[in-house]
Amino acid sequence: MSFPKNFLWGGAVAANQCEGAYNEDGKGLSIQDVLPQGLKSAPTEEPTADNLKLKGIDFYHRYEEDIKLLSEMGFKVFRTSIAWSRIFPKGDEQQPNEQGLAFYDRLFATCHKYGMEPLVTISHYETPLHLARKYNGWANHQMIDFYANYVRTIFQRYKGQVKYWLTFNEINSVLHSPFMSGGIVTPKEELSLSELYQAVHHEFVASALATKLAHEIMPEAKVGCMILAMPTYPLTPNPDDIIKVMEIDHFNDFFGDMHVRGEYPGYMKRYFREKGIEIKSTPEELQLLKEHTVNFVSFSYYLSLCEGVDGEEIVGNFMGGKKNPYLKASDWGWPIDPKGLRYTLNKFYDRWQKPLFIVENGLGAKDVLIDDGKGSKTVNDDYRINYMSAHLRQVEEAIKDGVEVMGYTSWGCIDLVSASTAQISKRYGFVYVDRNDDGSGTLARYRKKSFLWYRDVIASNGALLESMKL
Ligand code: BG6
């Protein structure tokens, strides 16, 4: 048995991709409410009816039955985010919206009722729209105060209910998608590197401040950073390719280094110097970064890419790279690389020596709903079972390598709306939700074949994976 006894098995979602109810109970608009195409096109002026996220999978009203259903798989942990604009509809108010706070009271109580520990992302690509439009999101230093007010409010309210917190979802993605990730309205092409890295600095300070406040308000709390992990391999042994990969790695490792070591690394100081970037910071901020580092490092892992002087360009999750000729790809062109997960776990552990938490992994695929012969419906998603078994086997290998892995929450454990494409037909779940890309459907929930498989994996604490070596 390789998985530790207290391994946190579970699943993950984000508020904006499943809750719906985008304007109920006092919720303000978030940037997602004006992104009907995900990353594929610019934001609209107002929410438009074709934006699936406005309705999501109606988790806001159905959370109780959904959590109950997920608990049948034996989840120990359920990762979700708090929609900032439910708590502070505009983001710069002093007083929170009580109805928003009450919703998460009910949700977290339901998680506990069904034996799950909530794992909460404080900001998952859902900056209040007002903060984006009025302040230009994280490009503005004032965001630190708005975020601090928000985190103080939710920590005080949910202390005793939530132990595990993540400060920013995939914090490194702000370099690639400043609007979705950082609420920055200035188009990427017009944003200078100084403005971009200044925004990153603001997020680092906010993250350290949240860590400090969490530990003061909830001494038991464990706070993690959350990184989009996408290992990059050299396309050839050409030393130029190796150096290129090292440099790409630095741009991602930078985010973990800041959260774990608490100071700007030499390779970034060099980059800033050579690019003429000057980060405005105060001695107090630098001290905050140094003193309030994270308890663990969490990350998402879907794919790996290659880099090199030559090679065919492809686009993955937010970032692009070169195609790896040894890997097959998903229906959406994301290369499938289970061993990259073992590699990432080892690399991160070697570098940071902090417990690691895989908080997103999974396969976005087209599912076909069929009769199950017992009066209900199901999906024969062997492809998803194969994908996840192969990845979990590599987690097991990493644990054998000595890596401390806290848990695994598969992404989109119940079908939800995709972040990059805003489709629901890009399905990740163990639970099928009867909703189509055009918004039609009954919203009925059905257990897929992978539901039963994951239930058995959890019940055996991973031992089942041994018998299905792929
Ligand atoms: C991560 C995000 O980038 O990948 C999630 O944290 C997202 O919000 C997930 O849904 C999968 O990406 P996509 O584009 O298939 O939804």
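The ligand sits in the largest cavity of this predicted model. Around the ligand stand 15 residues, of which Glu-170, Ala-419, Ser-420, Lys-426 and Tyr-428 are the closest. By class, this shell comprises six nonpolar, six polar and three charged residues.

**Ligand site**

- Ser-420, which belongs to the closest residues of the shell, places a polar side-chain atom 2.5 Å from an oxygen atom of the ligand.
- Gln-17 likewise has a polar side-chain atom at 2.7 Å from a ligand oxygen atom.
- For Trp-411, the separation between a polar side-chain atom and an oxygen atom of the ligand is 3.1 Å.
- Taken on its own, the ligand has 370 Å² of accessible area, and the protein covers 100% of it.

- Most residues other than glycine have a negative phi.
- Tyr-125 belongs to the loop that runs between strand S3 (117–121) and helix H5 (129–135).
- Tyr-125 counts as buried because its relative accessibility is 4%, and the cut-off for that class is under 20%.
- Phe-318 also shows a positive phi, near 70°, and is a residue other than glycine.
- The loop that holds Phe-318 lies between strand S9 (313–315) and strand S10 (320–322).
- With a relative accessible area of 15%, Phe-318 is therefore classed as buried.

**The loop between S4 and H7**

- Ser-173 is located in the loop between strand S4 (164–166) and helix H7 (178–182).
- The relative accessible area of Ser-173 is 0%, so this residue is buried.
- The side chain of Ser-173 makes a polar contact of 2.9 Å with the side chain of Ser-181.
- His-176 is also found in the loop between S4 and H7.
- His-176 counts as partly exposed because its relative accessibility is 28%, a value that falls in the class between under 20% for buried and over 50% for exposed.
- Between His-176 and Leu-465, which are 289 residues apart in sequence, the C-alpha to C-alpha distance is 36 Å.

**Buried positions in a strand and a helix**

- Val-297 and Asp-382 are 85 residues apart along the chain, and their C-alpha atoms are separated by 31 Å.
- Trp-84 forms part of helix H3, which covers residues 84–87.
- Trp-84 has a relative accessible area of 1% and is therefore buried.
- A separation of 67 residues in sequence between Trp-84 and Val-151 corresponds to 9.4 Å in space, C-alpha to C-alpha.

Terms used: Residues are numbered from 1 along each chain as its sequence is written. This is a predicted model: local features need pLDDT of at least 70, side-chain atom pairs count only at pLDDT 80 or more; totals for chains, interfaces and linings use all residues. Side-chain values use heavy atoms; hydrogens and water are left out. A residue is near a molecule or strand if one of its heavy atoms lies within 4 Å of it. A polar contact is a pair of N or O atoms within 3.5 Å; within protein, one must be able to donate a hydrogen and the other to accept it, and residues adjacent in sequence count only if both atoms are side-chain atoms. Accessible areas come from the Shrake-Rupley method with a 1.4 Å probe; for residues, only the protein chains shown count as cover. On a 1 Å grid over the protein atoms alone, a cavity is a set of points where a 1.4 Å probe fits but cannot get out, and a pocket is an open set with protein on both sides within 12 Å along at least five of seven lines; lining residues have an atom within 4 Å of a point. A molecule sits in a cavity or pocket if more than half of its atoms lie within 2 Å of its grid points. Ala, Val, Leu, Ile, Met, Phe, Trp, Tyr, Cys and Pro count as nonpolar, Asp, Glu, Lys and Arg as charged, and the others, Gly among them, as polar. Helices (H or I, at least four residues) and strands (E, at least two) are DSSP runs, numbered from the N terminus. Buried means under 20% relative accessible area, exposed over 50%, partly exposed in between (1.4 Å probe, protein chains only).
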